Amino acid sequence: MEDEPLDRWAARRQGRLRKPGEKKAITLNAGPQRAAHLDPDVPRLILEWDGFAWQALTMVEDYAAACRALSPFLEAAPADQPETTGPITGRNPLAPGTGRHRKPRP
């Protein structure tokens with residue numbers, strides 16, 4: 001078996017490492033961490049990876065606020081305007097279609 005050159009190994013390892021600035025939210029309740037959506041009303045602590053350890057940034061009141069803190073670039077759609085296009089296709093999700101999951105119209 002041939003040894004891998006050190007520079008190639010270091011580049012591959014660097015690609016696997018967590019990037020500084022990555023953020024995550026953890027729940028502030030007793031017991032082990034569970035899936036985020038299971039306790040939507042529990043306060044969350046927002047943490048940021050500095051390259052060596054997780055550092056506390058801020059605390060938010062619930063799951064929705066944590067989602068907004070982790071993804072500040074996602075703007076919420078105005079409540080008075082219905083969404084007109086789907087997130088992936090860009091088409092109206094309620095438009096008639098012929099997909100296999102659609103029921104034929106009488």
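This is a predicted model: local features need pLDDT of at least 70, side-chain atom pairs count only at pLDDT 80 or more; totals for chains, interfaces and linings use all residues.
Visitor: Where does R44 lie?

Guide: R44 belongs to strand β2, which covers residues 44-49.

Visitor: Is R44 buried or exposed, and what is the nearest side chain of opposite charge?

Guide: A salt bridge requires a side-chain nitrogen of Lys or Arg within 4 Å of a carboxyl oxygen of Asp or Glu. R44 is buried but has no salt bridge, the nearest side chain of opposite charge being D39, 6.0 Å away.

Visitor: Which backbone oxygen lies 2.6 Å from a polar atom of the R44 side chain, and which lies 3.1 Å from one?

Guide: A polar contact is a pair of N or O atoms within 3.5 Å. For the R44 side chain, the backbone oxygen of A36 lies 2.6 Å from a polar atom, and that of V42 lies 3.1 Å from one.

Visitor: Which residues is R44 in contact with, leaving aside neighbours within four places in sequence?

Guide: Among them are A25, I26, T27 and L28. The list also includes A36, D39, T58, M59, V60, D62, Y63 and A66.

Visitor: How many bridges join β1 to β2, and over how many do β2 and β3 pair?

Guide: Strand β1, residues 23-27, runs antiparallel to β2 and is joined to it by five bridges; within this pairing, I26 has L45 as its bridge partner. Strand β3, residues 54-60, is also antiparallel to β2, with six bridges. There, E48 stands opposite Q55.

Visitor: What phi does G51 take in the hairpin of β2 and β3?

Guide: The hairpin has four residues between its strands, and G51 adopts a positive phi near 105 degrees.

How values were computed: Residues are numbered from 1 along each chain as its sequence is written. Side-chain values use heavy atoms; hydrogens and water are left out. Helices (H or I, at least four residues) and strands (E, at least two) are DSSP runs, numbered from the N terminus. Buried means under 20% relative accessible area, exposed over 50%, partly exposed in between (1.4 Å probe, protein chains only). Lys and Arg count as positive and Asp and Glu as negative; His and the chain ends are not counted. A polar contact is a pair of N or O atoms within 3.5 Å; within protein, one must be able to donate a hydrogen and the other to accept it, and residues adjacent in sequence count only if both atoms are side-chain atoms. Contact means heavy atoms within 4.5 Å. Two strands pair if DSSP finds at least two bridges between them.
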